[in-house]
Each structure stands twice: as C-alpha cells, then as structure tokens.
Amino acid sequence: MSLTKVKHIVLVLSGKGGVGKSSVTTQLALSLSLAGHSVGVLDVDLTGPSIPRMFGIEDAKVTQAPGGWLPITVHEADPSAGIGSLRVMSLGFLLPKRGDAVVWRGPKKTAMVRQFLSDVFWDETDYLLIDTPPGTSDEHISLAENLMQKARPGQLAGAVVVTTPQAVATADVRKELNFCTKTNIRVLGVVENMCGFVCPNCSECTNIFMSGGGEVMANDFGVPFLGRIPIDPQFLVLIETGKRPTYPAGTMVDGKDVSTPAGASGTEEEGVKDGSMLVHKYKDCSLAPIFSKITADVISAVQQ
C-alpha cells in the first residue's frame with residue numbers, strides 16, 4: 001500500500017448530501033497545516049470531486065510515477081511559520097474537463113477506490129483526510145474493507161461525521177453513525193455545519209437552519225460533539241476568488257469579534273492582487289478559530 005508513510009487516516013463522512021463535507025475537509029486540512037502538521041487530502045467522491053476546486057488547483061495535472069501517481073502539492077511546509085505541507089489527490093485531476101460526468105457502475109468505483117489507496121505515493125504525512133461521497137454505498141464499503149485489511153493497527157484513526165442541524169439531515173446522518181458501528185470505525189466526533197449565517201453586510205449571525213440537531217444526535221450515540229460551524233459567505237469568496245476575507249465592524253461569530261481592523265489590508269481590490277497562499281488568507285476567515293478548536297479536539301482524540 002502507498003500509505004506506509006501516513007501516520008493517521010481520518011475519514012470525513014455523512015449519510016446526507018449537501019451538508020458540506022468537502023468544505024469541512026478543506027478547513028480541517030488548512031487548520032492541521034496551520035498547526036504544523038503535514039497533511040494529505042484524498043477525494044473519493046468519484047462522481048462529484050470538488051476538492052480540486054476548494055483548493056483552487058483545478059488546472060493541476062497529476063504526475064505519473066513508476067507504479068502510481070504523485071499527489072498535487074497545494075503548498076510546501078514552512079517550518080519558520082509553523083506551517084505543514086499540504087497535498088491533494090482527486091479523480092477531478094484525471095478528468096479531461098471539469099464538467100465531464102463520471103458514469104460508473106459499482107465495480108469500477110470499487111476498483112478506483114482501491115487504486116487510490118494503493119497507487120498514490122504520499123510522502124511523510126501526519127494526517128490523511130479522506131473526503132467521501134454521501135451515503136453508505138460502494139465507495140464506503142470498499143474504503144472500509146481495504147483500510148481494515150491493509151492499514152496498520154491504529155493507522156485508521158477514525159471518522160469525523162458532518163451534519164446540518166435540521167431533522168431531515170440528522171435522520172440520514174444517523175445511518176452513517178450506524179455504518180461506523182457495523183464496520184468498527186471509531187467516530188472521532190460530530191460537526192454541525194451550516195449552523196447560523198454570517199451576514200456580509202451587517203454584524204448579525206442568524207440560525208436560518210435552526211441549531212442543536214447535531215449535538216442532540218451526538219449525545220444520542222454517545223460520541224463527541226466537536227462544534228457548530230456557521231455559513232460564512234466570506235469563506236466562499238476566498239475559495240472562489242482568492243480574496244482575503246473581510247468583515248464589517250461589530251461582526252460576532254461564536255462569541256468573538258471578527259471585524260476587520262480599520263485600515264487593514266484585504267479590501268476587494270487588494271484581495272484580487274493578494275498573492276498570498278490560501279493557508280495564510282484562511283487565517284483571516286471567521287471560521288478559522290472555530291476549526292482551530294475542532295482540529296485540536298480531533299488531534300486529541302486521535303492521540304488517545
């Protein structure tokens with residue numbers, strides 16, 4: 001297996017589509033990198049690979065190596081700044097065009113997942129995050145079987161399960177928690193995503209999808225609750241355009257004032273010209289402190 005240099009494997013799961021698994025995976029990866037860890041992201045959402053777009057590397061091409069592939073580098077490690085390296089692999093890099101549909105039956109999906117686990121040459125990596133599709137189907141079964149058979153004891157650290165607060169979402173995500181139980185995958189914790197909306201024009205954060213459903217579900221299953229993540233349009237702007245996030249005076253998120261200081265760089269025009277790495281710009285996002293705490297809890301759970 002090409003995972004011999006990987007220390008810990010963390011799955012990002014959800015039984016529901018559209019709850020933000022890829023955005024959670026992206027921010028976990030950035031937060032782990034900011035904490036000084038070397039990080040890899042493997043995208044096994046074969047019919048909807050969005051990880052290349054999340055990291056702004058859609059035009060990158062995979063390098064073929066003898067017997068496999070080399071993952072795409074998002075950024076190298078910067079020990080002086082305490083930042084770890086970040087590398088990514090996705091089927092999106094192998095498609096001729098971004099809009100091409102992947103019309104595969106189960107056996108081909110299973111073979112592709114197996115190939116991703118065996119033929120991608122990860123360098124020394126502290127954490128490999130695996131972004132999965134919704135549900136509990138072919139990709140999940142193949143992933144669980146291959147990791148259980150081939151991973152070293154303790155290498156598969158567990159899973160972060162993502163949900164949104166509404167009952168219609170938690171009803172499906174509960175099935176994913178049952179899947180983890182049946183496959184003996186440890187649940188590191190539950191993230192309640194899209195809990196609140198950070199208005200880009202005022203200082204309000206409103207619970208448009210209610211709040212608390214993910215925490216109730218975590219308590220019902222006896223697994224850790226990692227935290228609530230609001231919807232922040234500035235994170236979307238950062239991902240889509242590369243502009244550094246800015247916030248009006250008085251913006252409060254998770255009990256903290258995240259307003260952009262007067263005179264600070266990061267206006268819209270400056271953001272276009274800002275050539276800083278994504279990991280540096282993300283530090284100005286309102287979600288970065290929330291994910292810093294979530295990441296610390298995940299690391300603590302893994303090390304236990």
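User: Which residue in strand 8 does Leu13 stand opposite?
Analyst: Leu13 faces Val161 there. The model is predicted, with pLDDT of at least 70 needed for local features and 80 or more for side-chain atom pairs, while totals for chains, interfaces and linings use all residues. Residues are numbered from 1 along each chain as its sequence is written, and side-chain values use heavy atoms, without hydrogens and water.

User: In which sense do strand 1 and strand 8 pair?
Analyst: Strand 1 (residues 6-13) and strand 8 (residues 156-163) are parallel, over five bridges. Strands are DSSP runs of E, at least two residues, and helices are runs of H or I, at least four, numbered from the N terminus; pairing requires at least two DSSP bridges between two strands.

User: What is the strand order of the open sheet?
Analyst: The order of its eight strands is 5-6-2-7-1-8-9-12, with mixed pairing. Strand 5 (72-75) and strand 12 (225-228) are the edge strands.

User: Changing topic, which residues does the UniProt "binding site" cover?
Analyst: The unreviewed entry lists Gly15, Lys16, Gly17, Gly18, Val19, Gly20, Lys21 and Ser22. UniProt positions follow the numbering used here, feature names are shortened, and annotations may be inferred rather than shown by experiment.

User: Where is Gly20, and is it buried or exposed?
Analyst: Gly20 lies in the loop between strand 1 and helix 1. Gly20 is buried because its relative accessible area is 18%, the cut-offs being under 20% for buried, over 50% for exposed and partly exposed in between (1.4 Å probe, protein chains only).

User: What is Gly20 in contact with?
Analyst: Leaving aside neighbours within four places in sequence, Gly20 contacts Val162, Asn193 and Met194, where contact means heavy atoms within 4.5 Å.
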